[in-house]
2 protein chains.
Amino acid sequence: MSGKIKIGIAGYGNLGRGVESAISQSSDMELVAVFSRRDPGAVKTLGPVAVHAMDDIARFQGEIDVLILCGGSKNDLPEQGPALAALFNTVDSFDTHAKIPEYFEAVNQSAEPAGNVALISVGWDPGLFSLNRLFGEAILPEGASYTFWGKGLSQGHSDAIRRVPGVKGAVQYTVPVDEAVARVRSGAAPKLSTREKHTRECYVVLEEGADAAQVEQAIVTMPDYFADYDTTVTFITAEALARDHGAMPHGGFVIRSGSTGNGSKQVMEYSLTLESNPEFTSSVLVAYARAAHRLNQQGVAGARTVFDVPPGLLSPKTPAQLRKELL
Amino acid sequence: MSGKIKIGIAGYGNLGRGVESAISQSSDMELVAVFSRRDPGAVKTLGPVAVHAMDDIARFQGEIDVLILCGGSKNDLPEQGPALAALFNTVDSFDTHAKIPEYFEAVNQSAEPAGNVALISVGWDPGLFSLNRLFGEAILPEGASYTFWGKGLSQGHSDAIRRVPGVKGAVQYTVPVDEAVARVRSGAAPKLSTREKHTRECYVVLEEGADAAQVEQAIVTMPDYFADYDTTVTFITAEALARDHGAMPHGGFVIRSGSTGNGSKQVMEYSLTLESNPEFTSSVLVAYARAAHRLNQQGVAGARTVFDVPPGLLSPKTPAQLRKELL
């Protein structure tokens with residue numbers, strides 16, 4: 001009996017690895033199991049931890065305080081989220097914004113009767129950025145909110161480029177437009193179009209014999225992904241792609257520009273500058289796993305989001321310590 | 001029966017006026033009464049609202065959902081906080097950091113048996129900055145936290161200068177040192193002394209015949225307030241003081257610089273740029289008054305802080321709306 005919070009990881013990719021690493025920074029938690037759909041023997045974890053087949057996960061009910069779901073939002077979580085919330089307290093980073101309401105309902109229907117807490121859509125966006133959008137409009141009801149992303153690698157947009165015929169490899173960076181950020185920070189509350197807020201920088205490796213002009217045209221005119229942006233395409237070698245674009249930086253800003261009283265300008269800004277996007281998301285998941293465990297101990301059951309979690313529950317410190325040291 | 005949250009204001013200075021103004025921006029709230037220790041007939045409010053003598057406040061039990069305490073931390077709140085939390089749900093901005101634990105206990109002992117919620121130390125520091133210090137260390141346990149204040153008018157330091165013999169009027173601005181902020185933002189996690197973080201700029205009007213050099217020396221060597229800082233003193237006329245230094249701007253930054261995984265640097269930053277410090281603090285108080293009312297409706301009683309409040313309770317929107325629109 002260590003008294004530590006027992007964590008399981010479901011799905012071991014970049015996010016799962018980040019969670020393992022974040023748990024090792026948290027002295028009140030321990031990682032008790034990793035679950036994978038791959039052959040458990042083929043999964044190489046960072047530290048010594050048992051790896052089990054995902055199919056065996058139900059056997060671990062009662063041995064895990066919180067299961068952190070590290071699968072993808074597109075194919076894994078819509079199925080795993082509701083299924084696993086029936087067995088464990090869970091935390092996930094479901095990030096398909098438009099589908100959050102239906103995902104919430106599905107997870108809630110399974111977590112609530114089972115007496116489990118399921119914290120959905122935890123990370124930085126959705127997650128910490130969402131919280132700052134909420135604080136912004138709740139505190140400054142007369143004003144405008146802005147979210148800028150980047151400079152950062154966008155996995156979805158990189159994938160979209162890779163599907164263009166003639167493309168062998170690619171990465172895409174989303175870059176906030178400095179001038180737009182400066183205008184918002186000044187308290188000017190401008191109306192900004194999609195094109196005015198972000199540019200998209202693509203680094204592309206061509207297949208042997210592919211037509212560069214044709215590939216570029218296919219990228220910059222791609223609806224939803226690129227057509228509404230100023231997009232630049234730079235062709236590079238496979239070596240340069242591997243050498244210069246292997247990191248996963250990201251970040252961004254949430255800015256609320258409002259006015260109070262007789263027109264006093266008030267600007268609230270939250271920003272993240274991340275060398276590793278998945279590792280940071282994992283660190284947020286782990287702090288919220290602590291909160292999920294405590295909420296469940298208080299008798300809470302059902303789906304919840306960052307909006308429902310008292311911030312103090314994220315910290316290993318006691319309420320009295322927090323008041324003394326951080327308030 | 002308007003269905004609106006009924007707010008009372010106890011103490012009508014800069015903060016009380018800001019609360020009145022912030023309530024007028026919140027369609028789900030109404031201001032029902034202002035209480036003052038001055039002659040009620042002499043209190044000029046911004047809008048049409050009844051002003052009553054503070055001594056009559058007990059008669060309004062049951063007519064006010066939340067009372068916002070707008071007195072000072074030094075002389076008013078230590079007495080009013082516990083006394084009024086026995087009668088009403090309360091929100092205050094008690095900001096004497098070192099005395100928060102004892103103030104919390106005193107208010108809790110009075111609020112809890114009465115079945116009232118008392119949210120103490122609400123504002124931006126303590127308040128929003130405290131929350132960001134908590135998020136920083138909970139999410140990035142390996143790292144360092146920094147709080148910078150300013151550029152902003154410090155009331156306490158301005159008062160300290162005014163007590164120096166020979167000083168007729170004065171204001172003091174706290175200014176973060178750009179170079180220190182830049183080093184912290186870079187993720188360098190430097191050790192910074194008090195002197196390296198902030199400078200203090202004083203604008204002073206001398207009494208007729210006062211010795212400028214002597215006044216300057218008395219200011220820059222004043223222990224606790226100025227001795228540990230690089231302090232500049234500029235002598236100005238009474239006209240310039242009135243003309244150029246009447247506003248109450250403030251703000252600052254909370255930065256967490258941490259590392260995850262194999263040394264990836266991660267930087268979280270929260271910043272405020274405020275044209276009116278009291279109006280912004282008032283806007284935070286009003287959003288938390290909404291939360292205090294809802295917590296009390298849920299059956300919560302006793303003293304609480306921003307660490308205990310689920311952020312969703314600050315918004316007039318429903319949980320489903322928040323998930324759909326802001327998550």
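Which residue forms a salt bridge with Asp125(A), and how far apart are the closest N and O atoms?

Guide: Happy to walk you through that; please keep in mind that this is a predicted model. The partner of Asp125(A) is Arg133(A), and the closest N and O atoms of the salt bridge are 2.8 Å apart.

To place this pair, start with the layout of the chain. Chain A is divided into domain 1, made of residues 5-126 + 278-326, and domain 2, residues 128-275. Their centres, taken over C-alpha atoms, are separated by 28 Å. Where the two domains meet, domain 1 of chain A contributes 12 residues to the contact and domain 2 of chain A contributes 13. Together they bury about 1,100 Å², with 72% of that area on carbon and sulfur atoms. Asp125(A) matters to this count as well: with Trp124(A) and Phe307(A), Asp125(A) supplies 53% of the area that domain 1 of chain A buries against domain 2 of chain A, more than any other three residues.

As for polar features, the rule finds 1 salt bridge across this domain interface, and 5 residue pairs are in polar contact there, both residues at pLDDT 80 or more. On the side of domain 1 of chain A that touches domain 2 of chain A, the largest share comes from helix α10 (residues 277-297) of chain A, with 4 residues. By class, that side of domain 1 of chain A holds 8 nonpolar, 3 polar and 1 charged residues.

Now step out to the partner chain. Gln25(A), Arg323(A) and Leu327(A) supply 15% of the area that chain A buries against chain B, more than any other three residues.

Here the rule finds 2 salt bridges across the interface of chain A and chain B. Glu137(A) and Lys317(B) meet through their side chains in a salt bridge, at 2.9 Å from N to O. Residue pairs in polar contact across the interface of chain A and chain B number 30, both residues at pLDDT 80 or more.

Technical notes. Residues numbered from 1 in each chain as written. Chains lettered and ligands numbered in written order. Predicted model: local features only at pLDDT ≥ 70, side-chain atom pairs only at ≥ 80, totals over all residues. Heavy atoms only, no water. Domains from an automatic or database assignment. Contact = heavy atoms within 4.5 Å. Buried area = accessible area lost by both parts, 1.4 Å probe. Salt bridge = Lys/Arg side-chain N within 4 Å of Asp/Glu carboxyl O. Polar contact = N/O pair within 3.5 Å; in protein donor to acceptor, adjacent residues only side chain to side chain. Helix = DSSP H or I, 4+ residues; strand = E, 2+ residues; numbered from the N terminus. Nonpolar A, V, L, I, M, F, W, Y, C, P; charged D, E, K, R; others polar.
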